[in-house]
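Student: I have a structure open on my screen and would like to walk through it with you. Could you start with the terms we will need?

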Amino acid sequence: MTAESLADLRAQFPVLSRLAYLNAGTNGPIASVAAAASRAQIELEEREGRGGMPFFVGYRDMMERQRAGYAAYLGAPVEQVALTSSTTDGVGRVLVSLNLQPGDEILTSDEEHPGVTGPLAGQRARGVEVRTAPLAQLAEAIGPRTKLVACSHVSWRSGALAPTAALAQAPPLVLLDGAQGVGAVPIDVAELGADFYAGSGQKWLCGPTGSGMLWVSPQARERLTVPTPGYLNLADPAAGLDAEPRADAGAFDTPALSSVALAHAVAMLELFEQTGWDAIHRRAHDLAELAARRLAERGRTVLPRDRTTLVSWYEDDAPARSEALLEAGVVVRFLPGDELLRASFGGWSDEQDLERLLEALPA
Ligand SMILES: Cc1ncc(COP(=O)(O)O)c(C=O)c1O
């Protein structure tokens, strides 16, 4: 892959000509092809209505293309991937479906996003015990009552990777929050050794808000009940009260997805596939590494990180600084709880974005 095609990719994102947009860790930028696909879809529906067979055939086709795109990214068979509305949705679906009981324990890290801590708090309210340990030490912290380890694949605070190899060797089920993983780092989900992988579509895949995925391993599938069976989740919806869930991971699909959002998601996945994920990852990781080095040279303390897309550092009065950066045309994330700012680098980013960030920071 040549720099030229990464330049072509960058040119697809109008926002990048105005802003140093370094916040894909929240929401990725939107490419013109995806905006055009969304417009075309809503105009089609405005013109043709949404009731006939062609609409439903097109809708199902987009769902399956989105699923296939996610499955290809994860290196998983398409039958193992469900379409969700978010990482939080996927995490919640697994936790509800596992039906853990009082006396069971879930182990998590002390740096999880509310997309994990929220659903875990729900489990605690049901009497399931939830214990925390540092992300790097999760495998050693597993106890005799630990039924599930639920943690980030990539920490949203630091960009550090979870100890997936050690977790894969341990007896409990493992649920990875892949919000900062999918689209950001290469994934072979079977090799990761987890049982469940929940990810977001709107971050590093630059899809619509309300998109995401849940991978369920074939062994773990047998442990789950289907949380929200509905028309699209059933093998034979006409069977009424006797209807059984689909045998594939489609049983875990969110019951309703927006057709306009599907058009957006599919267009983005196709754009990235044309560009090639290897080149996208290499550019993003190299730039993030460079950013970490340059920030350290500027006297900033950068949180220990791995080869990922996120760089977080301590900054005095971080909320005010993130506002001042925005005024200077640089979009980063203030992380609550600490005086931390976080910059997100994608395959669409370039050195100019980093220079704008560095110039806008006080010496
Ligand atoms: C690590 C992590 N988990 C979960 C989430 C929530 O993602 P979603 O909005 O797709 O549920 C985020 C969002 O920033 C995140 O960074």
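Tutor: Happy to. Two residues are in contact if their C-beta atoms, placed from the backbone, lie within 7 Å. Helices (H or I, at least four residues) and strands (E, at least two) are DSSP runs, numbered from the N terminus. This is a predicted model, in which local features need pLDDT of at least 70 and side-chain atom pairs count only at pLDDT 80 or more, while totals for chains, interfaces and linings use all residues. Residues are numbered from 1 along each chain as its sequence is written.

Student: Which elements are included in what covers the buried residues of α13?
Tutor: A residue is buried if 20 or more other C-beta atoms lie within 10 Å of its own, exposed if 12 or fewer, and partly exposed in between. In α13 (residues 351-360), the buried ones are Asp 353, Leu 354 and Leu 357. Their cover includes β1 (20-21), α11 (277-297), β10 (330-331) and β12 (340-344).

Student: What do the buried residues of α12 pack against?
Tutor: Helix α12 (residues 318-327) buries Ala 318, Ser 322 and Leu 325. These cover an arc of only 60° around the axis, which puts them on the same side of α12. The face turned away carries the exposed Ala 320, Glu 323 and Glu 327. The buried residues pack against β10, β11 (333-335), β12 and α13.

Student: Which elements give two or more residues to the side of domain 1 that touches domain 2?
Tutor: The C-alpha centres of the two domains lie 27 Å apart. Across the boundary, 16 residues of domain 1 are in contact with 13 residues of domain 2. On the domain 1 side, the elements giving two or more residues are α11 and β9 (310-314).

Student: Is Trp 277 buried, exposed or partly exposed?
Tutor: Trp 277 belongs to helix α11. Leaving aside its neighbours within four places in sequence, it is in contact with Pro 186 and Phe 272. Because 16 other C-beta atoms lie within 10 Å, Trp 277 is partly exposed.

Student: Which residues are closest to the ligand?
Tutor: A residue is near a molecule if its C-beta atom, placed from the backbone, lies within 6 Å of it. By that rule 14 residues surround the ligand, and the closest are Ser 86, Thr 88, Gly 115, Trp 156 and Ala 179.

How values were computed: The arc is that of the directions from the helix axis to the C-beta atoms. Domain bounds come from an automatic or database domain assignment.
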